Amino acid sequence: MTEPLLQIKHLRKAFGALVATDDVSLTLYPGEIHALIGPNGAGKSTLIKQIAGNLAPDAGEVWFEGRDVTPLSTVERARAGLGRTFQISSLAMDYTVLQNAVLGALGRRGTVWRFFRPVMRDADLRARAEAALHRVGLMDHAHKRTADLSHGQRRLLEVAVALTLNPHVFLMDEPMAGLGASGSKRLTGFLDDLRHEAPILLVEHDMDAVFALADRISVLVYGRIIATGTAEEIRADPLVREAYLGAEDAA
Amino acid sequence: MIQRETLINWALFALLPATALIALWMDEPFIITLATKVAILALAGVGLNIALGLGGLVSLGHAAFFGIGGYAMGILASHAQSYAPLMQTPVLIEGTTSMPVIWLVAILASALAALAIGALSLRTTGVYFIMITLAFGQMLYYFAISWPAYGGEDGLSIYVRNGFPGLNTLDPIQFFAVAFVVLAAVLFFAGRLARAPFGLALAAARQNPERVETVGLAPYRLRLVAFVLSGAVTGLAGALFADLNRFVSPTMFSWQMSGEIMIFVILGGVGRLFGPVAGAALFILLEHVLGGLSDYWHVYLGGLLLLVVLFARGGMIGLAAGREVAHD
């Protein structure tokens, strides 16, 4: 088998007595969608933060494209090619939709020390930004102020900004949240294709999307991964049924 | 379509030289001097606005750069006045009365100071950042007071205004022209800066630093460069202000000075290109008009500031032109 692009090795993070990440290891291979599911408070966001570099783990390592990126900052990991979207939209709210996308294209280019020429007239940055907006279907709203977007549109803009970065790996924290049924279905189709550009580590609550998309699923409960496998394997796993899916059946 | 803010900006821009020319015609040199003061103080505000408006960095220590610019002028000119070289070893450095040279020294010295102060202060945010910039300003204030070589508490008087090639700077209208052209040039560059790639990233870091990090840009570096540019512009304003008064004293370093520069920006409109011009003009107008009625005119200024902060967040420019339009 090929080498994993992203490899998490025995990650551990505790807040006092609460162990939020307990010896977590997982891998992401080229071309796959690896979904991370788990009940609320299982430590999914804490894990994502450690992979993206916002939070330093107590122990363990994050390997990306064959090197240990654990000591690298968020900025350095983004530059290395880790494209992240946030659970709660994290955008420049006073900017237009297009400006947010151009910001991503600018980050991708990496040379920000230009003090004179208007950035919005940079044909190259604009083309990259508009292409990303077009792909998620936000081009009609390009000149809207981001704060005036609906919740679902903001989620799509998050994805568009990640696209402008041309990342080697996508790290998506609940991209479907708040999208509604049709939007969610549309994004599912989009991510289905996107995996061939760069693999996706997908944290998601929308189980229809997860089971439709994921090549592999890992189930996180109380900071531990209790099972990893294909959709069928996860559905059949008694531990998962008890800890997670079972709880939904009962409810 | 030209936006309303652009029209207001041009009107404000034309108002200063119009005032100066009318005053010249009416033979009122004092009014010309007031207009010059507005131009110079607005310049200091334009400097602060790069850090405060664009970068969201609430610096209460910009008097440090204003003072450094002032003392750059004072020290160079006083050595030229006394014919005593500034330094003899290892290289001979003499004083000068040439404005362009003084400006260059003022810009470089205040930029260096901003680099050092910024590098330390920008590791903190919020109220700690305000306190640290304030502390640096106060350090320089007390340093200036206790530095007898350049007048200490009494400051330094310069008897003849420094020269600009081809101009008689002692003529009020000619010195006004110098200050106004400098302000215009800096406004032009500040306007371009806000729309340039750097400006886009800097203002994004103000709105959401996490977003900027996620696209692979480091907010700290953006802010540090903004702080240096900001300090350099305010330093240049300091050199001009010292030349206007032909006098430098530690009060240029005082925290009241930092507060006044911030008031220009807030009154006029934080982050609006012409905000500091409107703010400084209003401040000087109030000082002149209300100051004639009462020594305690700051009471009214305080009331006005309160109204602006409570009801007109965009300052005067915001009140006249509405909310800032996201431009692309």
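Visitor: Is the crossing of H4(A) and H5(A) right-handed or left-handed?

Guide: H4(A) and H5(A) cross in the right-handed sense. Note that this is a predicted model, and the values below are computed from it.

Visitor: Which residues of H4(A) and H5(A) meet?

Guide: From H4(A) come A:Arg128, A:Ala129, A:Ala132, A:Leu133, A:Arg135 and A:Val136. They meet A:Leu156, A:Val159, A:Ala160, A:Leu163 and A:Thr164 of H5(A). Sorted by class, the contact of H4(A) with H5(A) has eight nonpolar, one polar and two charged residues.

Visitor: Which residues make the contact of H3(B) with H9(B)?

Guide: H3(B) takes part through residues including B:Phe65, B:Gly69 and B:Met73. On the side of H9(B), B:Gly231, B:Leu236 and B:Phe241 are among them. By class, the contact of H3(B) with H9(B) divides into ten nonpolar, eight polar and one charged. Gly counts as polar here, and glycines such as B:Gly69 and B:Gly231 are in the contact.

Visitor: How do you know that S1 and S2 of chain A are paired?

Guide: At least two bridges are needed for two strands to count as paired. Strand S1 (residues 6–15) of chain A and strand S2 (residues 18–28) of chain A have seven bridges, in the antiparallel sense. That meets the cut-off. A:Leu6 stands opposite A:Leu28 in S2(A). Two residues lie between the strands of this hairpin, and A:Gly16 takes a positive phi near 60° there.

Visitor: What makes S2 and S5 of chain A edge strands?

Guide: The order of this open sheet is S2-S1-S4-S5 (chain A), with antiparallel pairing of its four strands. S2 and strand S5 (67–68) of chain A each have a single partner strand, so one side of each is left without a neighbour in the sheet. Strand S4 (residues 59–64) of chain A is joined to S5(A) by two bridges, just enough for the cut-off of at least two. A:Phe64 stands opposite A:Arg67 in S5(A). Helix H1 (residues 44–52) of chain A packs on this sheet and touches S1, S2 and S4 of chain A. The direction of H1 makes about 60° with that of S2(A).

Visitor: Why do S6 and S10 of chain A stand at the edges?

Guide: Six strands form an open sheet in the order S6-S7-S8-S3-S9-S10 (chain A), and the pairing is mixed. Strand S6 (82–85) and strand S10 (224–229) of chain A each have a single partner strand, so each has one side without a neighbour in the sheet. From one strand to the next, the twist averages 15°.

Visitor: What is the sense of pairing between S7 and S8 of chain A?

Guide: Strand S7 (residues 169–173) of chain A pairs with strand S8 (residues 200–203) of chain A in the parallel sense, over four bridges. A:Phe170 has A:Ile200 of S8(A) as its bridge partner. Helix H5 (residues 151–164) of chain A packs on the sheet, touching S6 and S7 of chain A. The direction of H5 makes about 170° with that of S6(A).

Visitor: How many residues does each chain bring to the contact between chain A and chain B?

Guide: Chain A brings 33 residues and chain B brings 21. H3(A) gives the most to the side of chain A, with seven residues. That side divides into 19 nonpolar, eight polar and six charged residues.

Terms used
Residues numbered from 1 in each chain as written. Chains lettered and ligands numbered in written order. Predicted model: local features only at pLDDT ≥ 70, side-chain atom pairs only at ≥ 80, totals over all residues. Contact = placed C-beta atoms within 7 Å. Axes fitted to C-alpha atoms, helices over the stretch in contact; angles between N-to-C directions. Left-handed = near helix turned anticlockwise from the far one by under 90°.
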